[in-house]
Amino acid sequence: MDRPLAGKTIVLGITGSIAAYKGAEVARRLMKAGAEVHATLTRAGCEFITPLTLRTLTRNPVTVDMFEAPEEWEVKHVSLAQRASAVVVAPASANAIAKLALGLADEFIYAVALASRAPLVVAPAMNTNMYLHPATRENLDRLRARGAVVVEPEEGELASGAVGQGRLADPEAIVAAVARAAGRGDLQELRALVTAGPTREPLDPVRFISNRSSGRMGYALAGAAAERGARVTLVSGPTELPPPRGCEVVRVTTAEEMREAVTRRFPECDVLIAAAAVADYAPARAEPTKMKRGAGPLTVELRPTADIVAECARARREGQIVVGFAAETEDLLPRAREKMKDKGLDAIVANDVSVEGIGFESEENAGVMLLAKGGEVRLEKMPKPAFAHAVWEVVKELRGAG
Ligand code: C5P
């Protein structure tokens, strides 16, 4: 992804934070990523950086005063709002965040944000206490709940000399978030079916066999696809996670329930990603009442469950893509390759769950995506949402090639 923003129009609002000078660097990197940038300064922003700097960098007029050309401004904020692929506020002061959360429109950037249906990316920068104040937290939560992307500030030395969280995120991280946000909609025609979480196989009314899957990877995959415009159904085993925004969630408990839910919906989807850690074995029978403790050993008979992803892969029609996951603790790649072949998958994401800090129960993942047509894509260690986007990138290419 050399110029991920080529052909995109980005409206960049720089507000009254001491980090405003870094807004120029954000503008420059957005340009380098291929974007056409329309920068705007709030009045407070102008105390820190001049419109001339931004005009020179972006080669576009810089709006400061909404009312400077009354016959034009209305047209301009609406037309820019419509053309924008993303509206970016970087740095966003506490005041800017409050205005965006409330929907005020007393400066050009806020009017654009209100008039635009494009994704909003907010990169806060302020003193730690302002950032941690409940008012700011609530405002950021409100923006997130509406779908805005918040690029969290970093810990470090602040303008005041104090050390804490509140330093504007790295401009590269901001540009990456903008590229992802502006790319939203690239899966608009896609119907995705995703499985997530563990399954529970009952032994009796109070006991079950399960595994350590948290469901995070599958939820991230579902959320990432929905963010990019796909119609997503998430079939989830028991997890503690909030449902990802914009997805239909079907809750199941056992492998058999998951099989039913997935095979019924499979014909209607374009892509199935099976990230669930489905039990491979289930007790042959679940006792109707709680089992009593006995003196001797207890033997439980386990029967294999149906292999859901293999069943779907066998039933798939032309053009449908089926992706599995292989969580292994040894011989990762040979085993994953074998699984992909045996199950008849188009691709498999292999991760080594014996490595600390990735895979089960963790926030990050790393792995290798093997492709049935040959080749592999290495996915370096990254947060699961980023990992999910990377997996969808590969799926998108597979669809394009098919
Ligand atoms: O065979 P194994 O469980 O190791 O394979 C892992 C892959 O197969 C995962 O994608 C998982 O979601 C899927 N699977 C399945 N149904 C099962 C077992 C695994 O869909 N019963």
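A: Leaving aside neighbours within four places in sequence, Thr-58 is in contact (heavy atoms within 4.5 Å) with Ala-27, Met-31, Val-37 and Ala-39. The model is predicted: local features need pLDDT of at least 70 and side-chain atom pairs 80 or more, while totals for chains, interfaces and linings use all residues. Residues are numbered from 1 along each chain as its sequence is written, and side-chain values use heavy atoms, without hydrogens or water.

Thr-58 belongs to helix α2, residues 51-58; helices are DSSP runs of H or I with at least four residues, strands are runs of E with at least two, and both are numbered from the N terminus. With a relative accessible area of 3%, Thr-58 is buried, a word for values under 20% with a 1.4 Å probe and protein chains only. The Thr-58 side chain also reaches the backbone oxygen of Leu-54, at 2.7 Å.

Now the ligand. Of the 14 residues around the ligand, those that come nearest are Ala-274, Ala-276, Ala-306, Phe-325 and Lys-339; to count as near, a residue needs a heavy atom within 4 Å. A polar side-chain atom of Thr-305 lies 3.3 Å from a ligand nitrogen. A polar backbone atom of Val-309 is 2.9 Å from a ligand oxygen. From a polar side-chain atom of Lys-339 to a ligand oxygen is 2.2 Å. The ligand taken alone exposes 440 Å², and the protein buries 88% of that; these areas come from the Shrake-Rupley method with a 1.4 Å probe. The elements that give two or more residues to the shell are α11 (308-315), β16 (321-328) and α12 (332-343).

Methods:
Buried < 20%, exposed > 50% of the residue type's maximum accessible area, 1.4 Å probe, protein only. Polar contact = N/O pair within 3.5 Å; in protein donor to acceptor, adjacent residues only side chain to side chain.
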